[in-house]
Every structure is written in structure tokens, then in C-alpha cells.
Amino acid sequence: DGSKYVSRELDEYSHRRICIFSVRFSQQGTELVGASSDHCLYVCNIETGAVQRVYAHDDDVNSVCFVEHDGNVLLSGSDDALVKLWDRRMLSSDADSSSAPAEPLRNRCPARGSSRSGMQKPVGILEGHMYGVTHVTSRNDARLVLSNSKDQTAKLFDLRMCRSELQTLHSQDSQEFQNDMRRHRWDYRWEPYEQSACRMGKHPNDRSLRTFRGHKVAQTLVRAYFTPPSMGAAHVVCGSFDGAAHIYDITTGECVRKLAGHSNTVRDISMHPFENTLATSSWDGRVLLWDYQPELLTC
């Protein structure tokens with residue numbers, strides 16, 4: 001149809017297929033960051049084509065975002081149930097180079113359930129979710145971040161509450177939890193959460209400020225977001241398997257409204273940059289526009 005595109009090869013030497021579950025532009029528009037099924041993050045310079053690869057998690061990385069405007073700080077969420085904070089200035093470079101081919105990814109990226117050998121070091125880890133993290137996002141204040149999870153909760157975190165990787169690795173509670181989670185894996189694509197083999201209660205090292213419950217996460221990587229400053233920045237909006245978008249009060253954690261209009265899973269949400277309008281996209285094949293009126297938000 002005449003459309004043009006530019007292809008960015010993420011790892012021309014890996015010889016394996018990977019899936020990019022999430023992609024985000026930097027604030028400056030000069031870089032893209034992607035979250036991948038090979039447990040890695042990829043940061044691509046749009047102008048030069050250089051790619052930095054970060055060996056990030058023990059499982060699929062489902063979501064990634066920039067935390068600060070300068071593009072140096074990243075947040076990632078994975079099926080290993082962890083949210084990790086990264087400072088690119090503290091990472092070893094792994095840019096593709098035609099003069100120095102990278103070692104094949106299959107020989108370098110840790111396999112699922114393997115040891116942490118070869119994994120790069122985050123500046124902080126946020127624990128609290130019981131199952132895989134489907135989405136992470138920042139409020140762009142270098143402090144508060146939001147995650148959504150297959151454990152049927154969204155969580156509000158303060159980045160100042162991060163634990164170091166060393167603290168996490170040496171925590172007996174954390175290691176026992178990770179072992180339990182691996183023993184009782186369930187597949188949210190077809191197994192109901194109510195019948196999952198493992199419901200262990202609260203995470204022993206939950207670092208979250210608030211937990212939002214009521215929406216359902218199943219079959220797909222359901223997203224969750226902060227409302228922007230133009231909407232008062234006082235709420236969190238989550239998609240849901242039940243066909244509604246759930247709005248929670250960020251202070252109390254209570255659901256204040258459900259936007260019910262779809263007949264299938266609400267997977268994603270977008271807020272208008274300066275008007276009180278939000279859009280919901282669904283597996284029913286429709287995008288609905290909603291008038292967001294905070295003063296009328298009651299369940």
C-alpha cells in the first residue's frame with residue numbers, strides 16, 4: 001500500500017525466534033525499549049541502529065517502560081513475578097557490532113528455571129506479586145510505579161522501597177517463595193485462577209504501598225495505568241477479563257467505578273493527553289470512548 005518501514009535487527013546472531021511483548025519510545029523519541037520472551041530487554045537507538053541487550057529475568061519479560069525523562073532508568077516486569085529497576089549507566093554494553101559479532105543468545109541468556117549465571121544486575125527489585133507480572137508503568141515522577149499481575153492484583157510501589165538483588169538472593173523467604181511458585185506453575189491462558197494449585201497468601205517480602213483487587217487477569221497480558229495529571233492523577237485504571245475497566249482510588253485502594261460496555265476482555269486502556277476521555281480496547285473487536293468524571297466515581 002506504499003507504507004514504508006525500517007527494520008531493526010535485535011539479535012542477528014541468535015538464530016532463534018523471539019517475541020516482543022512490549023515496546024516503548026523514550027521521551028526524546030530517539031530510542032525504543034522492548035521486553036522479550038527470551039528473558040531480555042532490548043534498547044534500540046533509532047538513529048544509529050545500535051542495540052543494547054540486557055539479560056534481565058528468569059522468565060518471559062512481559063512489560064517494560066522508561067521511568068525518567070532522560071531515558072536511563074527502566075522498569076521491567078516478568079513471569080518470574082518480579083519487578084526490576086535498571087539504570088543503563090550501570091550496565092555493561094551489549095550493542096550489536098558488525099566488526100565484533102555477539103555471542104549467540106542461546107548460549108548466553110539463562111534458560112527458564114536455570115541459575116542466574118550471565119544475568120545482569122538491576123539497581124533494585126520490587127517483590128509482592130504471587131504470579132507473573134503482565135504490565136508495568138511509571139507515574140513519571142521518579143517515585144511511584146504500578147504493576148499488574150496474573151495473581152489478580154495490581155500493586156502500587158514506591159521506588160525508594162526497592163531491595164537490592166543481594167538482599168533478594170540472600171532472603172530465605174524470597175527463595176522459598178520462588179521455589180514454591182515454580183512447583184505450582186499454572187497457565188493463565190486456559191486454567192482458572194480459582195483452580196490454580198498454589199495460593200500462598202501474602203508474599204513474605206511484599207514491598208507494595210497499595211494492592212488493588214477486583215479485576216481479572218486471564219488469557220492475555222492485561223494492562224493497568226495511572227490516570228494522568230490532566231485527570232487529577234488520583235486513580236488507577238485496570239483492564240479486566242470480565243469485560244470492564246476497573247477504576248481504583250490510589251489512596252484507599254478501593255474500586256470506585258467499573259466501566260462496563262464490552263462483551264469480552266478489556267486488554268488495554270489509553271488516556272487522552274489533555275481531555276477527560278479514556279479509551280478501552282477489547283477482544284470484542286471494539287474501542288470505546290468514556291467520559292472520565294472523577295466527581296461521579298462511585299461503584
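In the predicted model, Arg163 forms a salt bridge (a side-chain nitrogen of Lys or Arg within 4 Å of a carboxyl oxygen of Asp or Glu) with Glu127, the closest N and O atoms being 2.8 Å apart. Arg163 lies in the loop between strand 11 (153-158) and helix 1 (165-169), whereas Glu127 lies in the loop between strand 8 (124-126) and strand 9 (133-138), so that the pair ties together parts that are 36 residues apart in sequence. Helices (H or I, at least four residues) and strands (E, at least two) are DSSP runs, numbered from the N terminus. Both Arg163 and Glu127 are buried, a term that denotes under 20% relative accessible area, with exposed set at over 50% and partly exposed in between (1.4 Å probe, protein chains only). Residues are numbered from 1 along each chain as its sequence is written. The model being predicted, local features need pLDDT of at least 70 and side-chain atom pairs count only at pLDDT 80 or more, while totals for chains, interfaces and linings use all residues, and side-chain values use heavy atoms, with hydrogens and water left out.

A search of the whole structure finds 10 salt bridges. Side chains of opposite charge can pair when their charged atoms come close. One of these pairs joins the side chains of Asp87 and Arg89, with an N to O distance of 2.9 Å; Asp87 counts as buried because its relative accessibility is 14%, whereas Arg89, at 53%, counts as exposed. A further salt bridge links Asp141 and Arg139 at 3.2 Å, N to O, and here Asp141 has 32% relative accessibility and therefore counts as partly exposed, as does Arg139 at 30%.

The secondary structure of the protein chain comes to two helices and 19 strands. Of its 299 residues, 53% count as buried, and the accessible surface (Shrake-Rupley method with a 1.4 Å probe; for residues, only the protein chains shown count as cover) comes to about 14300 Å², of which 48% belongs to carbon and sulfur atoms. Where contacts (heavy atoms within 4.5 Å) between residues at least 6 apart in sequence are considered, 57% join residues at least 24 apart.

Strands of a sheet pair through backbone hydrogen bonds, either parallel or antiparallel. An open sheet of four strands has the order 5-6-7-8 with antiparallel pairing, two strands being paired if DSSP finds at least two bridges between them. Strand 5 (61-66) and strand 8 stand at the edges, each with a single partner strand, so one side of each is left without a neighbour in the sheet. From one strand to the next the twist averages 20°, the axes being lines fitted to C-alpha atoms (for helices over the stretch in contact) and the angles running from 0 to 180 degrees between N-to-C directions. Within this sheet, strand 6 (residues 73-78) and strand 7 (residues 83-87) run antiparallel and are joined by five bridges, and Ser76 stands opposite Lys84 in strand 7.

Beyond its neighbours within four places in sequence, Leu278 is in contact with several residues, including Leu259, Ile269, Met271, Leu288 and Trp290. Leu288 is placed in strand 19 (residues 287-291) and counts as buried because its relative accessibility is 18%; the C-alpha atoms of Leu288 and Leu278, which are 10 residues apart along the chain, are separated by 8.3 Å.

Most residues other than glycine have a negative phi, and most peptide bonds are trans. Gln152, although not a glycine, has a positive phi of about 70°; this residue is found in the loop between strand 10 (144-149) and strand 11, and Gln152 counts as buried because its relative accessibility is 13%. Ala233 likewise has a positive phi, near 50°, and is found in the loop between strand 13 (224-226) and strand 14 (235-238).
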